[in-house]
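Please have a look at the sequence and the structure below, and then read through my numbered points.

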Amino acid sequence: MGDERLVETFVELADTLTADFDVIDFLHVLVDRCVKLFDVDAAGLLLAAPDGKLQLIASSNDQVRVLELFQLQNDQGPCLDAFATGRTTSNADLANAGQRWPRFSAAATDAGFAAVDAIPMRLRNDVIGALNLFRVRPGSLPDQVLRTACALADVATIGLLQERSIRHQEIITEQLQRALNSRVLIEQAKGLIAERLHIDMDGAFAALRGYARGNNLKLSAVADAVIAGRTSTYDLLGTPTPPHQPKR
Amino acid sequence: MATTSNRGGDRGAQVRLWVAEHAAALGVRVTVQLLCETAVARLGMSGIALTLRTSLDWSETRHCTDLLAGRLAELQVTVGEGPCMDAQAAGGPVLVADLDAPENQRRWPLFAPLAFEAGAGALFALPLCVGAVRVGVLALHQIRATWLEPATVTDSLAFAALTLRLLLDEQADLPSSDGEWEQGLPLHDPQLHQATGMVAAQLNVGMRDAFVRLRARAFAAHRPLIEVATDVVARRLRFESE
């Protein structure tokens, strides 16, 4: 863990009072930094929809098998447990997890992951979702790393829930609902791009994100423009590859 | 743990039960009209308007529970601004606890004063949408300025989700059979939306039509929607223009 980058990340995640704050872009920063700072291989963040189901909002890796891992956690898995209990839930050896989460463990092992940590997104009594960290090698995350990851999740949660004004409950609802719908919009755009460009979903997301970063736009704004036909699918490929490639 | 956020699971079922009870008591089918009336009673609102998006910049009122609801919907169309339009554009709720508050009068300089004059204190606009599929807006109003309790927010969103479901079934021309109705659409699965995007590209249609076609295919084949979506994403199934 580079201390300087860690400090930068904390500052970045605390800076949510900007006028153009966007929940999805903000949470993508969180999952990307987790992968870079903590030597984990994939990270994903799920937030609870109003019906209580967990919905994937940001992930460092968009391969279908990985997405299924997140989806599966509406039935069973560490994220669901972390969300339900408000406590960090870890498994250092998924191949020998036994009966705890049989379907989840099998799917995670299939996708190449050996260990997982799930950290609740929690502020006092509000649990709004959970952060999943996946690793391909078995073994526990060092205590210090796990504590730092929890602190990062806490700061991000405070950032999301902080009292922006007297009507903060309304603002939280407005923002989280908008983020949930933006996520759907992004998935629809990925499907459109994948089909038009004959690439997979991961490639489609990389194109979307590369274009958003290269042009300093929000992911959801680019997704919306692609769907509405204001941005051509082919334009997405015209942007040079961004310097920060998510770790696969 | 008691939380505001993961209480939702039971509320969807509770709201469905309220609607079913209301329908049974009146001896009618579940319609958007019935949903609106149940919501007014259960959420303690003064009234509700349901507006549907018919084209890019146009919406029509589908149902109003009272005159003021209709007036508020009409006003927004007339002056070209308001919480419902913002909710539609943003794809998220716009909750206005006090239409007479200075920040809201500034935010909607034409609409807010007229709405307040017409007798509305608070307006809560809940968009009915699935990503780019923007179906309409459910607008709840109160004659007094009032905050929404967190529990009421959760229930309002559950009513909106149910209304959305009914409208999507209507668009797809599918019956809201009891079994499927209870099950809900797998809107949490990213593959459903990825498949919608792929079908939109294959048929060169918008997301709304692509979603309808996907559901119609699953219904005709007696297969779960998510199975068909997974086949599309895995490129085992393609949609061809007729």
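1. Let me begin with the sheet of chain B: five strands form an open sheet with antiparallel pairing, in the order β2-β1-β5-β4-β3. Its edge strands are β2 (58-64) and β3 (94-96) of chain B, each of which pairs on one side only. On average, neighbouring strands of this sheet are turned by 20° against each other, direction ignored. Strands here are DSSP E runs of at least two residues, helices are H or I runs of at least four, and both are numbered from the N terminus; two strands count as paired if DSSP finds at least two bridges between them.

2. A word on the basis of all this. The model is predicted, so to speak of local features requires pLDDT of at least 70, and side-chain atom pairs count only at pLDDT 80 or more, whereas totals for chains, interfaces and linings use all residues. Residues are numbered from 1 along each chain as its sequence is written, chains are lettered from A and ligands numbered from 1 in the order in which they are written, and side-chain values use heavy atoms, with hydrogens and water left out.

3. Staying with chain B, β3(B) pairs with strand β4 (residues 122-130) in the antiparallel sense over three bridges. Within that pairing, B:L95 stands opposite B:F124 of β4(B). Helix α2 (residues 32-43) of chain B lies across β1 (47-55), β2 and β5 (133-142) of that chain, and runs at about 145° to β1(B). For such angles, axes are lines fitted to C-alpha atoms, for helices over the stretch in contact, and the angle between N-to-C directions runs from 0 to 180 degrees.

4. Where does B:I143 sit? B:I143 is found in the loop between β5 and α7 (150-171) of chain B. With a relative accessible area of 54%, B:I143 is exposed (exposed means over 50%, buried under 20%, partly exposed in between, with a 1.4 Å probe and protein chains only). Leaving aside neighbours within four places in sequence, B:I143 is in contact with B:S46, B:L68, B:G119, B:A120 and B:G121, contact meaning heavy atoms within 4.5 Å. B:G119 is 24 residues from B:I143 in sequence, and their C-alpha atoms are 6.0 Å apart.

5. Now to chain A, which has nine helices and five strands. From the N terminus on, its elements run α-α-β-β-α-α-β-α-β-β-α-α-α-α. Chain A has 248 residues, of which 56% count as buried. Among its contacts with a separation of 6 or more, 64% are between residues 24 or more positions apart. The accessible surface of chain A is about 10200 Å², 49% of it belonging to carbon and sulfur atoms; the areas come from the Shrake-Rupley method with a 1.4 Å probe, and for residues only the protein chains shown count as cover.

6. Why is strand β4 (residues 115-123) of chain A described as largely enclosed by the rest of the structure? Eight of its nine residues are buried, so the description follows from that count. Nine bridges join β4(A) to strand β5 (residues 126-135) of chain A, and the two run antiparallel. Along this pairing, A:I119 has A:L131 as its bridge partner, and A:R122 stands opposite A:V127. The hairpin of β4(A) and β5(A) has two residues between the strands, and A:R124 takes a positive phi near 50° there.

7. β4(A) also pairs with strand β3 (residues 89-91) of chain A, in the antiparallel sense over three bridges, and A:N91 has A:V116 as its bridge partner. β5(A) is mostly covered, with nine of its ten residues buried. Six bridges join β5(A) to the antiparallel strand β1 (residues 42-48) of chain A, where A:A42 is the bridge partner of A:F134.

8. Finally, the interface. The contact takes 45 residues from chain A and 42 residues from chain B. Together the chains bury about 3700 Å², 58% of it on carbon and sulfur atoms; buried area is the accessible area (1.4 Å probe) that two parts lose on being put together, summed over both. On the chain A side, A:E170, A:Q188 and A:E195 lose the most area to chain B, together 17% of what that side buries. The count between the chains is one salt bridge, and the side chains of B:R238 and A:E195 meet in a salt bridge at 2.7 Å, N to O (a side-chain nitrogen of Lys or Arg within 4 Å of a carboxyl oxygen of Asp or Glu).
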